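Take a look at the model below. Keep it in view as you read.

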Amino acid sequence: MEDQLIHLLANTQLPAEGPRKHAEQQLRSLYAAPGFALALTSIGSHDSVPVNIRQSALLSLKIFVLEAWSPQFDEFKGQVLVPDDEKLRIRQMLLTLAVSGTQDRKVKGAASYVVSKIANADFPEDWPDLLGTILQVIQTGAEDQLHGALKVLGDLVDECLNDVQFFRYARDLVKTVYDVAVNNNRKPIHRALAVNVFRVCFDILEMIMADNKDTVKVFADEALSAWMPFFMEVIKTQLPPPPSEEEENSRSETAQTYRGLVALKLQVIKVLMRIRTLFPSILAPQSPVLFSSIWEELSSLQAAYNRLFIEAQGQGRLVDNDGLPFSLDFLVLEELDFMQSCLRAAPVRKELENQLQQSQGTGSNWIVEVMKLVVGYSQITTEEEGLWNIDINVFLSEETSVTANFTPRTACGDLVIKLGEWLSVPTIEALLTYTRQLYSTPDNWKAKEAALYILSQLLGDYEHIQQHFTNEAAAACLEFAQYAIQQDDEFLRARGHILAGSLTMACPAAVGQVSSTFMQTSLQAINEDSSEVVQVSCIRTLQFYLQAVRSEITLSLQAAVIQALSNYIGAQDFADLAESEDLLVTMVETLRDAILLDKQVCLTGSGLDLLFTIASQSANNFNISCLVDETFEEVAEDLSKAGPDAYTQLCAKVLPSLMGVFDMGTLTEENALTNLAATLLSKLSKHGQEPLPNGFVATVMPKLNRILMEATDDELLKAATSCVRNILVHDYKQFFEWRNEQGKGGLEIALVIIDRLLGPSVDDNSAAEVGGLAAEVVEKAGAERLGPYLEQLLRAVAFRLGTATQAQFIQSLILVFARLSLVSAREVLDFLAGVQVGDQNGLQVVMSKWLENSVNFVGYDEIRQNVIALSKLYDLDDPRLSQIQVKGDLVINDSGRIVTRSQARRNPDHFTIVPANIKIIKVLVEELLHASGSRRDFNTADAVSEGSDENEEWEDDDDVLDLGLGTTKQGKFQASSVAHWRNGILSPSHAELMAFAEETPFANRQPDDETQAYLMQFFRNAAAKPGFGDIFNALSPAEQEKLQSFG
């Protein structure tokens, strides 16, 4: 079998898709063959087999293990395909392979990964000696064995250990990795791996700390008493000079040692960051020493960093096969972030405040020294300079902070922002002092640009938090900006424009009339500057001016702004622009701000034409389509409010373009431009006049009818359905009077459209808006005009509701009956009771779906209509409602265990069963709570009460940065909200998790006084009626308390 598997594994790596897929299928077909898993393990263990095949065998084994080793895995397919005796041999072979000293690192890494997966299922019951064996190898093994054992141990701690197992082995485990970490005779990279294992232990501590706080705190105190001196020693140990390029290329011993030392320092800083997050009170007393040590090291590393990355193009962002970062830029970035976190520690602040007071009158202080440090590390690297010149989109993504790339440059900006929020005046004064020193010399444009970059970052934060900025400081910034704009270097010139715009946003009063001059200078640069970096910077900067400069100035320049943008677009190749999302987004944002100054320009100027031109070339881009959609809706809404003449002119301007798109597009497959045109038409009709312009229906309905009868794309169908509904809302007379080329009237066409959308050929998502259309047809046409079609229509709605599963679609269909119930509740009840939906009564089907899904309703009008409709149904006191049984409250099975996906599938949620009339009251009690705003108050109070009291000494907003697999950064709106990134993936804070947990339909509701007043009166009236006491007693204690709280 091994030879057969080797052949198949080789074929799974073929570039041709057909043979590769066939080999993968053949591998899966052998899963049940006796000895399959053992054969894969043997292949992975054979030195004679090529490394890529061995690695592939182990990765295939990992997939097999997840599907056929144990029912504990979510991916388990239902049958264990490995006998116990074979499992024992596989476990022994894999562990031997993972900790052997002679194997390739990639093979050992793959083996370690499979060991950790098997351990998830088998440790400790079926593999009791696993951890002891690993610890024994670490304690006594050779250097090569040590690497494999540490890798396995890290995976085991990360993947397998629960709280009971962890505390059973914790002291031996921590002592073992400590002995490796402090042993100077071990390779630095292995010492770094040991520290990494210790860091992973804190992930377990974090998970169990809520329920075992005292135990965890005692363990942390004990462990850190030994580790902290070692951490301090590593931080204070000076790095040797970086190896030469030749030494790096030859992977000399010097280069390997340097990499290991950098990795070791990085892991130590990472551990300190975890300690600061979980146990700030432990770290706080030592924070001043840590702060000064990190500052000292950053100062000593600056020359090497400058040589490697500012003057030359050294390799950065380097990570080894074990996932350990080891390049100098990573270390600098980690230390800058830790330095920022230290600024929040009370002991550090106290010490620095004392030093600041002592230095008054000396002309210099420690803040100036910090500015020297951050300006040095903020300089544009040679790599960035090359990338930005090649691809302007990369420059713009960095500048607009939408990139995930977090660099020393951005970290420095965040550090100064945090400093400025603490010591606002001294920070800006120190930055200006150092900037003046830089600008007094003719050389080093990168340092000058970096100083202005830091100023821009600080100004952006000051504007966000409304921090005061003095006129003297503003005047100094203006001088720097004016100087930079006139320089030869394009990046310094671009930075000057950006600084001027940032200053205008932060303190428009201090800038005064000068802002108009700078705005015109930016317009001139867009049209005339030879550098695309400068042009794009000015396009973005125009957003600042359009938002902050006085309206009489911006209005006078509105046409010039639109023309400048048009000139820039006209000079570009749209084929190239299509790949530059950030540039196009910036263009649309600036154009939007210009158009919205005075929407009337859309009727006579070229602003809307330019917007549509960009949209026509970029409809596949979701962000751009959203911006175009939002901009056009605001234009349509404002011009509609201006009166029928303006709205008619707008229709005359845009309808030809939109109709032309429908003529070009195919309706049987997805077309982004057609979808966008339908969306824009929906927004145009949404804000229509009453009545609509003459000929509106005749112009758009033939296209809409074709879409709704032929299209299959869900977004296109939803937009077109909404458009027809909007037409009925604003001018149903014109709609019903219109006839198509075959002589069919508007009502007949609407009924045919509804029939198709309610039919089985259209899925829930595509038909999500049909309920709103059906409700409008029923309401506007009336029973007399509809005749026998009314019952047919309502019966079709009830039938489709019985099979509907998508929330928006269900709401849409329910609202057909809800809106009818507002005026004819008894008739709705009688009709549904007389309809048979499959083998169930229509009243049972509709009321079950209605009451189970009311909590998911969105939209103020829709929620209010639903509330009133349910109250009217309840007021009927119809015994048929009390006979209908529906889902009540969720039965909570609080076992205290984490439920996996597979367990959730095997054990679905269970609900109590209650009569429909009681469920109506339950729904209305909840709606009353949300209409009053009480639910938001309760959620907020819960979130606050659950906050940690651990941050006793360290002021903290949980801004934790982990750079495990690369430089990452959230879209940085402000540095005070820098994201927590762990291994390249966002790791949310407690507050963010609480917010995510509340992402329910109720979560974002605002108080609704009208609905609250209506429900208060409803419950007063209901309570006065006989029998309500029985209803009240059927509510849960929490619901009774909620209702009583409103009197």
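This report covers charge pairs, surface patches and a few distances.

The model is predicted, so local features need pLDDT of at least 70, side-chain atom pairs count only at pLDDT 80 or more, and totals for chains, interfaces and linings use all residues. Residues are numbered from 1 along each chain as its sequence is written, and side-chain values use heavy atoms, with hydrogens and water left out.

## Salt bridges

Side chains of opposite charge can pair when their charged atoms come close. A salt bridge here is a side-chain nitrogen of Lys or Arg within 4 Å of a carboxyl oxygen of Asp or Glu. How many salt bridges does the structure hold? There are 46. The table lists three of them.

| Pair | N to O distance | Residues apart |
|---|---|---|
| Glu143 and Arg186 | 3.5 Å | 43 residues |
| Glu334 and Lys270 | 3.7 Å | 64 residues |
| Lys1025 and Asp875 | 3.5 Å | 150 residues |

Helices (H or I, at least four residues) and strands (E, at least two) are DSSP runs, numbered from the N terminus. Buried means under 20% relative accessible area, exposed means over 50%, and partly exposed lies in between (1.4 Å probe, protein chains only).

Start with the salt bridge between Glu143 and Arg186. The pair links distant parts of the chain. Glu143 sits in helix H8 (residues 143–159), while Arg186 sits in the loop between helix H9 (163–181) and helix H10 (188–208). Glu143 has 19% relative accessibility, so it counts as buried. Arg186 is buried as well, at 15%.

Next comes the salt bridge of Glu334 with Lys270. Glu334 lies in helix H16 (residues 328–342) and Lys270 in helix H13 (residues 253–278), so the pair ties together parts that are 64 residues apart in sequence. Both Glu334 and Lys270 are buried.

Lys1025 is in the loop between helix H51 (1009–1023) and helix H52 (1028–1033), and Asp875 is in helix H45 (residues 860–875). Lys1025 is partly exposed, at 39%. Asp875 is partly exposed too, at 36%. Elsewhere, salt bridges that share partners join Glu399, Arg409, Glu449 and Arg495 into one network.

## Surface patches

Patches are made of residues with over 30% relative accessible area and no salt bridge; like charges are joined within 9 Å, and nonpolar side chains (Val, Leu, Ile, Met, Phe, Trp, Tyr) within 5 Å. Accessible areas come from the Shrake-Rupley method with a 1.4 Å probe, and for residues only the protein chains shown count as cover.

Which residues form a negative surface patch? They are Asp84, Asp85, Glu125 and Asp126. Asp and Glu count as negative, Lys and Arg as positive, and His and the chain ends are not counted. Each charge is placed at NZ of Lys, CZ of Arg, CG of Asp or CD of Glu. Glu125 lies in the loop between helix H6 (105–122) and helix H7 (130–140). Glu125 is exposed, at 63%.

Leu890, Ile892 and Phe911 make a nonpolar patch of about 280 Å². Phe911 lies in strand S4 (residues 911–915). Phe911 is partly exposed, at 34%.

## Distances

The domain assignment (automatic or from a database) gives domain 1 (1–160) and domain 2 (361–516). Their C-alpha centres lie 53 Å apart.

Is Ile275 buried or exposed? Ile275 is buried, at 0% relative accessibility. Ile275 belongs to helix H13. The C-alpha atoms of Ile275 and Glu1039 are separated by 42 Å, and these residues are 764 residues apart along the chain.
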